[in-house]
Amino acid sequence: MQNKKLTVAIAGNPNSGKTTIFNAFTGAKQNVGNYPGVTVEKKEGTKIYKDYQVNLVDLPGTYSLAANSVEEVVARDYLILEKPDVVINVIDSGNFERNLYLTTQIMELNVPMVLALNMADIAEKQGFTFDIAKISKFFNANVVLTIGSKGSGLNELLDAVIDKANNPGNIDSANLINYGDDIEKELDKLSSVVNKDHTLAQKYGRRWIALKLLEHDEDILSKEHNIEVLEAAHESASKLDKLFGDRPDVVIAEKRYGFISGVHEQAVKHTAQRHHDISDTIDTFLLNRAIGLPIFFLMMYLVFKLVFWAGDPLMGLIESGFGILSTGISNIIPDGHLKSLIVDGIIGGVGGVIVFLPNIVLLFLAISMLEDSGYMARAAFLMDRIMKKIGLHGRSFIPMVIGFGCTVPAIMGTRILEDKKSRFATILILPLMSCGARLPIYSLIIPAFFPVQWRGFVMWLMYVIGIILAVILAAILRRTILKGQSGIFLMELPPYRMPTLRGLSIHVSNRSWLYLKKAGTVILWISIALWAATVYPKPSAESLEGLTAEQVQQAELEYSIVGRIGKTMEPVIKPMGFDYKIGTALLGALAAKEVFVAQMGIVFSVGETDEESDTLRDKLKNNYNPLQGFCIMLFCLISAPCMATLAVCRRETNWKWAIFQFVGLTVIAFGLTTLVFQVGTALNIGT
């Protein structure tokens, strides 16, 4: 028997536990993409429950369904245009009253709704009790108490969804908010003017369009209206403005809050005096003006110590595995181009990137724990004081934190910034956050040149250098070409929570899979192309006569396409301490930063005669010094971002800003790296 299908949207405020519930339902069975035409992430998953296939969509977390951000418009349009069978509205029950503003707006969309009063255990500890029957009546919604992080109440929630889908009730006669005689009169007048046959009226409903027109909703105003509707909306808004002495949208919001206050008064009891809970106690230390930032940087330092301490043995195992694989293939396949392609090109290139998977997993795990625990929101508040001084605010730090994973979603995340100049400045500096693609470069270079006790510190230093440079460049941009006032920083501090094993596993597995997928697709093809460019063309046999095996290898490499390009650019990059081998790897890194590692593996593998060859790190140590190693990391940190970042920067801004970012960062990287190498050489540091 075929399962009945239900489409269920999950909506809620940020930090309400919405995504935790979505993950609990769908596990790893998720599809992640973007909504059509925008860069907002779209998550979908499936849950088989009883006789139903429940298709779940995790909507962007929003505080309202106004048109102040693209996330709000996306969430609103999905509910209206896609018409899910049921909406699960996830509410942080410890902050019940504040969360209800979004609930009232969902109610006004006339869609079947189930309320999940989440984190019910925390609310109970705070002394809250809820009259479920009254809440259900006020919102014409089924209501369930849940603890998403523990899986409590989730089956009951699905039962409520199925019941609501089968028995939606008379939604049109639900308890709509009465905005008072004056506003209701204008709503009726506008509703009668809106053409009932118009596609907008059919999609959105005439009363809702009238309400949005009175609120001066930019998204609705931008849609096709006849002149009569626009004139009537302007006339009604002007009339209400004069009557109340304030804009209609402000008065309408006050009416909603009045309704919410009434619901809270009648349906919620607070039996205990509010007290300082464990989150407040922890915050007295972590948000302290004197020690908060040092604690943050100490935590990040410990993260990088963990990455090397736990990651190095695992990397060694993978490295040994690829070594055995390479030797085995070498023994099976005779010498020739096929053997070189597989051993030098694919294993030397792609394998060289996959080796660093343990470090990637550990870093993502640590950052996910900090995010899920609620600490990263505190870090944004700590950085707010610094951000204000450079013309940004704490909210800009959120995309910067995301940038530690990948710059592409970080740039997309700047949509939370309403001020265009602040947003553009943030986008321009985001590549300076050491993304996951740079981690393989650091993980290759640092163990090659620095003793064990220094490795965590050197990696921490690379991240700190990126942050400091980002701060300096942002200050310059906000005082010159992007001059302007920064917005007000308003962000919720969620309570501290113990990260769930399920949530962490989903975050880490998704990000790690993307890394492996990239290694097996983009980097694979680039590695094959770079191998071919490293092997061909071949010099004539006569020119190699009388040379040793090592000299033949060097001559063939210099004669290849890669060698010729590298030799051409070598005079330019030599002031930074780089030779033509490093130069060609840097060119490959323009496509994806990890390709630097792949290309260095190819360059030092092709033509190798020693069957018991050293690891790539050993080869680097034999050919370069620690100062050159540090300069490689510095240049890769600052220089032009990868092609994917360039593309999304162009999409979020325009070609002018994308090219400005690409060229500007490369010039700065060249200047600073040259300065560090020349000064270090003069002072005999690390040479």
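Residues are numbered from 1 along each chain as its sequence is written, and side-chain values use heavy atoms, with hydrogens and water left out. Because the model is predicted, local features need pLDDT of at least 70 and side-chain atom pairs count only at pLDDT 80 or more, whereas totals for chains, interfaces and linings use all residues. The pLDDT, which is the predictor's confidence in each residue on a scale from 0 to 100, averages 82 over the protein chain, and 91% of the residues score at least 70. Over residues 607-613 the pLDDT is below 50, and this stretch has seven contacts (heavy atoms within 4.5 Å) in the model beyond near neighbours in sequence.

Nonpolar cores were taken as sets of buried Ala, Val, Leu, Ile, Met, Phe, Trp, Tyr and Cys residues joined through side-chain atoms within 4.5 Å, where buried means under 20% relative accessible area, exposed over 50% and partly exposed in between (1.4 Å probe, protein chains only). The largest such core comprises 120 residues, and those with the most contacts inside it are Phe 397, Phe 578, Phe 596, Met 600, Leu 620 and Met 633. Helix α22 (residues 452-479) gives the most to this core, with 15 residues; helices (H or I, at least four residues) and strands (E, at least two) are DSSP runs numbered from the N terminus. Another core, of 59 residues, lies apart from the largest one and has Phe 138, Tyr 179, Leu 211 and Ile 260 among its members. When neighbours within four places in sequence are left aside, Met 633 is in contact with Tyr 442, Ile 445, Ile 446, Phe 450, Val 458 and Met 462.

Because 12 of its 17 residues are buried, α16 is largely enclosed by the rest of the structure; the buried residues include Leu 357, Pro 358, Phe 364 and Ser 373. The helix is followed by Gly 374, whose phi is positive, near 100°.

The whole structure holds 13 aromatic pairs, a pair being rings of Phe, Tyr and Trp (its six-membered ring) with centres within 6.5 Å, stacked if the planes are under 30 degrees apart, edge-to-face if over 60 and tilted otherwise. The rings of Phe 96 and Phe 130 have centres 5.3 Å apart and planes at 55°, so this pair is tilted. Since Phe 96 lies in helix α3 (residues 96-108) and Phe 130 in strand β7 (residues 128-130), the pair ties together parts that are 34 residues apart in sequence, and both residues are buried. The rings of Phe 139 and Phe 259, with centres 5.8 Å apart and planes at 90°, form an edge-to-face pair. This pair ties together helix α5 (residues 132-139) and helix α12 (residues 248-267), parts that are 120 residues apart in sequence. Phe 139 is buried at a relative accessible area of 2%, and Phe 259 is buried at 18%. Ring pairs also link Tyr 301, Trp 454, Phe 457 and Trp 460 into a cluster.

Gly 588, found in helix α28 (residues 580-588), is buried with a relative accessible area of 9%. Not counting residues up to four places away in sequence, Gly 588 touches Leu 530 and Val 595; the C-alpha atoms of Gly 588 and Leu 530, 58 residues apart along the chain, are separated by 7.8 Å.
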